[in-house]
Amino acid sequence: QLGYNEESIVTLRKVFDQYDADGSGHISITEMRNVCTELGYSPSPKQLLAEFRALDLDDSGNLSFLEFLGLLSKLDSGREARLMETLNVGQEDMDRWKGIFEQYDEQRRGMLTSRQIRALMNSYGLKPSLKQFVFQFAKHDSDGSGSLDFVEFVSLMMSIDGAGEQATIE
């Protein structure tokens, strides 16, 4: 579901285990920064902290292997470009979506909750049924965190209309 093949998961598990020095099955944010560096990711400290907190579902201050995979998939710098290509969205539209996303991301976590997205949609006159919204939100919440990052948000907004038309926000 997170876009990793079996070979990648085996490799990432080995990396995860290297940084899980005590064998607890979890790694801290400090260890996570080192993992990201080793894997060639260079998120800003703010981005890493926001993603780490969003995926640390039990607020333990540590990530399990599954949470770790979710974080890496979100930190993949090519996700936004692939989304633009897949959905045929131009940079101008992405910039507009980014501005809207940031307006509702009041805590600057890089994530929006379902409540924030419903408020955003209502303010722009988008009113999918509750059933449609819940289904679409769950479909686009690729890591099951209960929040959407920017890529997940754009993907949701581009598909929210039940007739298959893209949501249009000016």
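The model is predicted.

**How H6 meets H9**
- Helix H9 covers residues 150-159, and its axis comes within 10 Å of the axis of H6.
- The two axes cross at roughly 110°, so H6 counts as roughly perpendicular to H9, a label that applies from 65 to 115 degrees.
- On the H6 side, the contact is made by Met94, Trp97, Lys98, Ile100 and Phe101.
- H9 contributes Phe150, Phe153, Val154, Met157 and Met158 to the contact.
- By residue class, this contact has nine nonpolar residues, one charged residue and no polar ones.

**Glutamine 91**
- Glutamine 91 lies in helix H6.
- Glutamine 91 has a relative accessible area of 42%, so it is classed as partly exposed.
- Its side chain is joined to that of aspartate 95 by a polar contact of 2.8 Å.
- Alanine 81 is 10 residues away from glutamine 91 in sequence, and their C-alpha atoms are 9.4 Å apart in space.

**Aspartate 105**
- Aspartate 105 counts as buried because its relative accessibility is 5%, and the cut-off for buried is under 20%.
- Leaving aside residues up to four places away in sequence, aspartate 105 touches Gly110, Met111, Leu112 and Gln116.

Definitions and conventions. Residues numbered from 1 in each chain as written. Predicted model: local features only at pLDDT ≥ 70, side-chain atom pairs only at ≥ 80, totals over all residues. Heavy atoms only, no water. Buried < 20%, exposed > 50% of the residue type's maximum accessible area, 1.4 Å probe, protein only. Contact = heavy atoms within 4.5 Å. Axes fitted to C-alpha atoms, helices over the stretch in contact; angles between N-to-C directions. Helix = DSSP H or I, 4+ residues; strand = E, 2+ residues; numbered from the N terminus. Parallel < 35°, antiparallel > 145°, perpendicular 65-115°, else oblique. Nonpolar A, V, L, I, M, F, W, Y, C, P; charged D, E, K, R; others polar. Polar contact = N/O pair within 3.5 Å; in protein donor to acceptor, adjacent residues only side chain to side chain.
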